Amino acid sequence: MSAVEAKLAELGLTLPSVVPPLAAYQPAVQSGVYVYTAGQLPMVEGKLPVTGKVGGEVTPEEAKQLAATCALNALAAVKSVAGDLDRIARVVKVVGFVASAPDFTGQPGVINGASELLGAVLGDKGVHARSAVGVAVLPLDAPVEVEIQVELVEA
């Protein structure tokens, strides 16, 4: 077990299987020392635990937890191409999308769920630049979607 996966276990988390693509793309691709993930939905065992707009049918607190699930799914996608999460030198960038009710403005707080998970799992390597964007709708009516870019150490 890698040190990163041991840390996940310590936090009571398990790295899930990679979420299969919903369309014509790959869950993650490597270019040089970087891995870019596709947008990861908060899928758990092949389905969304909740759907709808944040600030409407979904509370900001629920959405923050869903963003953490997205980050966990993104780590699984990274492992699928990097082979070992211990190769992560750092998380470079996180982009989070929040399906928002018209008057909801708390997107940064929602995406903190992903940022906080990455920090808890990777420590200083999890500190990153980030964007949190409100959108009208996401695939499958998901409340949140997260993509990450990581830099790897050479194998």
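In which loop does L140 lie? L140 is placed in the loop between strand 4 (129-135) and strand 5, and this residue has a positive phi of about 60 degrees although it is not a glycine.

## Basis of the model

The structure is a predicted model, in which local features need pLDDT of at least 70 and side-chain atom pairs count only at pLDDT 80 or more, while totals for chains, interfaces and linings use all residues. Residues are numbered from 1 along each chain as its sequence is written, and side-chain values use heavy atoms, with hydrogens and water left out.

Helices (H or I, at least four residues) and strands (E, at least two) are DSSP runs, numbered from the N terminus. The UniProt record, an unreviewed entry, carries the annotation "domain: Endoribonuclease L-PSP/chorismate mutase-like" for residues 5-148; UniProt positions are given in the numbering used here, feature names are shortened, and annotations may be inferred rather than shown by experiment. The span of residues 5-148 is 31% helix and 22% strand, and its end C-alpha atoms lie 18 Å apart.

## Pockets

Rolling a probe the size of a water molecule over the atoms shows where empty space is left. On a 1 Å grid over the protein atoms alone, a pocket is an open set of points where a 1.4 Å probe fits, with protein on both sides within 12 Å along at least five of seven lines; a cavity is a set of points where the probe fits but cannot get out, and lining residues have an atom within 4 Å of a point. Grid points are joined across faces, edges and corners, and a volume is the space filled by probe spheres set on the points.

The largest pocket has a volume of about 340 Å³. Its lining consists of 20 residues, and P16, M43, V44, T69 and N73 lie nearest its centre. Helix 2 (60-82) and helix 3 (107-122) each supply at least two residues of this lining, with helix 2 giving the most, six residues. By class, the lining of the largest pocket holds 11 nonpolar, six polar and three charged residues; Ala, Val, Leu, Ile, Met, Phe, Trp, Tyr, Cys and Pro count as nonpolar, Asp, Glu, Lys and Arg as charged, and the others, Gly among them, as polar.

The second largest pocket contains about 150 Å³ of space. Of its 13 lining residues, L22, Y25, G39, Q40 and L41 are the closest to its centre. This lining divides into 10 nonpolar, two polar and one charged.

## Nonpolar cores

A nonpolar core is a set of buried Ala, Val, Leu, Ile, Met, Phe, Trp, Tyr and Cys residues joined through side-chain atoms within 4.5 Å. Buried means under 20% relative accessible area, exposed over 50%, and partly exposed in between (1.4 Å probe, protein chains only).

The largest nonpolar core has 39 residues, of which L75, L118, V144 and I148 touch the most other members. Helix 1 (3-10), helix 2, strand 3, helix 3 and strand 5 (144-152) are the elements that give two or more residues to this core. Helix 2 provides the largest share, 13 residues. A second, separate core of seven residues includes V19, L48, L138 and A142.

Contact means heavy atoms within 4.5 Å. Leaving aside neighbours within four places in sequence, L118 is in contact with A71, L75, V91, V94, G123, G126, H128 and I148.

V98 belongs to strand 3 (residues 88-99). Because its relative accessibility is 0%, V98 counts as buried. Beyond its neighbours within four places in sequence, the contacts of V98 include V54, F104, V133, L138 and V144.

R87 lies in the loop between helix 2 and strand 3 and is buried, with a relative accessible area of 16%. Apart from neighbours within four places in sequence, R87 is in contact with Q30, A82, E151, L152, V153, E154 and A155. The C-alpha atoms of R87 and L118 are separated by 15 Å, the two residues being 31 residues apart along the chain.

E45 is found in the loop between strand 2 (34-37) and helix 2. Although E45 is not a glycine, it has a positive phi of about 50 degrees. E45 is exposed, with a relative accessible area of 80%.

P139 is located in the loop between strand 4 and strand 5. Its relative accessible area of 41% makes P139 partly exposed. With neighbours within four places in sequence set aside, P139 is in contact with L22, L41 and E145.
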